[in-house]
Amino acid sequence: MTQNNTQPFPRIDDTAIRERAWKTPPARHLEGEERQQMLEKVRRLLKEQDAVLVAHYYTDDDLQMLADETGGCVSDSLEMARFGHAHPASTIVVAGVRFMGETAKILNPEKRVLMPSLEAECSLDLSCPADVFSQFCDAHPDRTVVVYANTSAAVKARADWVVTSSIATKVIKHLAAKGEKILWAPDRYLGSYVQKVTGADMLLWQGSCIVHDEFKASALAKLKQAHPEAAVLVHPESPDDVIRLADVVGSTTQIIQAATELDNPTFIVATDNGIFYKMKQAAPDKLFLEAPTGGIGASCGSCAHCPWMAMNGLENLAHTLETGDNEVQVDAETGKQALVSLNRMLRFAEAEKMAATGEANIASPA
Ligand code: 13P
Ligand code: SF4
């Protein structure tokens with residue numbers, strides 16, 4: 001990353017982050033008897049260790065199935081945080097990426113938080129190192145600092161607010177109504193989307209999700225033409241021109257909800273394809289198509305699947321439960337600071353009486 005002080009925001013060269021991501025090996029996928037034995041082992045270990053499994057929608061189908069059937073949860077990042085916090089288990093196992101494990105630890109410093117892999121990262125988190133971000137904040141003391149949950153504990157500690165994609169628009173609307181100017185990090189697309197919806201004065205950090213960044217508007221427009229019966233569901237980490245083609249823009253949970261509520265028989269989905277496991281359960285009669293990552297200018301490094309989410313598998317899940325390896329640690333003082341901004345979000349969600357899912361935006365901004 002380089003920072004040019006004549007620019008209002010840091011320029012980010014994420015080539016190294018992308019190269020690292022595409023080289024990340026996925027967890028081994030188990031089948032047959034081996035799979036059955038490992039599923040049984042994880043079920044037993046969860047009980048023995050007084051542990052609850054909290055999985056993101058982008059993780060492997062087997063992990064989502066296990067989380068559901070053992071009384072854990074499969075959800076978006078807001079609900080993952082809330083669920084782990086409210087659950088009585090003494091160990092939380094987070095199947096997802098590192099910021100999700102850290103969020104669980106910040107909210108539950110007294111609990112043990114385990115992850116199948118501590119190397120499961122996120123390009124948004126990596127694009128926003130705490131020291132450079134802190135300088136950026138220092139340069140704009142008049143702005144309220146709002147960061148996306150996809151950040152490190154240290155960045156959350158520097159922020160006034162943390163938000164997830166399901167609640168970002170509501171929080172920014174609330175702050176803008178009080179006349180506050182916003183410094184937003186790290187996702188430029190989500191930031192720009194929220195800025196258009198709310199009209200808030202927002203200075204945007206220039207990070208992006210390497211997975212959503214690959215959806216291509218021109219190919220999506222063609223697919224839409226070929227399927228006039230379809231509704232287009234888009235996660236707001238996608239590029240602006242892809243968001244413009246959306247019928248619904250929302251977090252992962254909001255996208256699944258839209259598939260159950262809209263009458264369309266077909267949905268074109270612009271987010272990680274791990275979400276199809278739950279979407280098909282929620283709306284078994286509907287047809288789901290992946291939004292294209294191909295076409296002119298295509299790079300298809302991920303082909304709509306996060307390489308870091310793919311590091312979570314049955315084997316390393318059993319390993320962390322069996323050995324206690326991969327325990328998430330957050331420095332106590334940093335955690336205390338980060339808790340302030342995280343709790344603001346959780347209290348806001350409570351006060352708004354948001355359903356666990358929040359509300360998606362049915363219709364994209366101009
Ligand atoms: P959600 O909060 O919508 O699940 O998003 C998290 C994420 O990392 C999407 O890429
Ligand atoms: Fe991060 Fe993108 Fe992976 Fe989500 S899909 S965890 S935003 S890299």
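Of the 13 residues around ligand 2, those that come nearest are Cys 122, Ser 123, Cys 209, Val 211 and Cys 306 (a residue is near a molecule if its C-beta atom, placed from the backbone, lies within 6 Å of it). The shell around ligand 2 divides into nine nonpolar, two polar and two charged residues; Ala, Val, Leu, Ile, Met, Phe, Trp, Tyr, Cys and Pro count as nonpolar, Asp, Glu, Lys and Arg as charged, and the others, Gly among them, as polar. Because both domain 1 (20-121 + 308-330) and domain 2 (124-209 + 335-351) give residues to this shell, ligand 2 lies between them.

The model is predicted: local features need pLDDT of at least 70 and side-chain atom pairs count only at pLDDT 80 or more, while totals for chains, interfaces and linings use all residues. Residues are numbered from 1 along each chain as its sequence is written, and chains are lettered from A and ligands numbered from 1 in the order in which they are written.

Besides domains 1 and 2, the protein has a domain 3 (212-305); domain bounds come from an automatic or database domain assignment. The C-alpha centres of domain 1 and domain 2 lie 26 Å apart. Between these two domains, 14 residues of domain 1 are in contact with 16 residues of domain 2 (C-beta atoms, placed from the backbone, within 7 Å). On the side of domain 1 that touches domain 2, α4 (77-86) and α5 (98-107) each supply at least two residues, and the largest share, seven residues, comes from α5. The residues of this side comprise six nonpolar, two polar and six charged.

Helix α3 (residues 61-69) has Asp 62, Leu 63, Gln 64, Leu 66 and Ala 67 as its buried residues. A residue is buried if 20 or more other C-beta atoms, placed from the backbone, lie within 10 Å of its own. The cover over these residues includes the helices α2 (32-48), α14 (276-282) and α15 (314-323) and the strands β1 (51-56), β2 (73-75) and β3 (91-95). Gly 71, which follows α3, has a positive phi near 85°.

In total, the protein has 16 helices and 13 strands, taken as DSSP runs numbered from the N terminus (helices H or I, at least four residues; strands E, at least two). Buried residues make up 52% of the 366 residues.

Technical notes
Buried ≥ 20, exposed ≤ 12 C-beta atoms within 10 Å, placed from the backbone.
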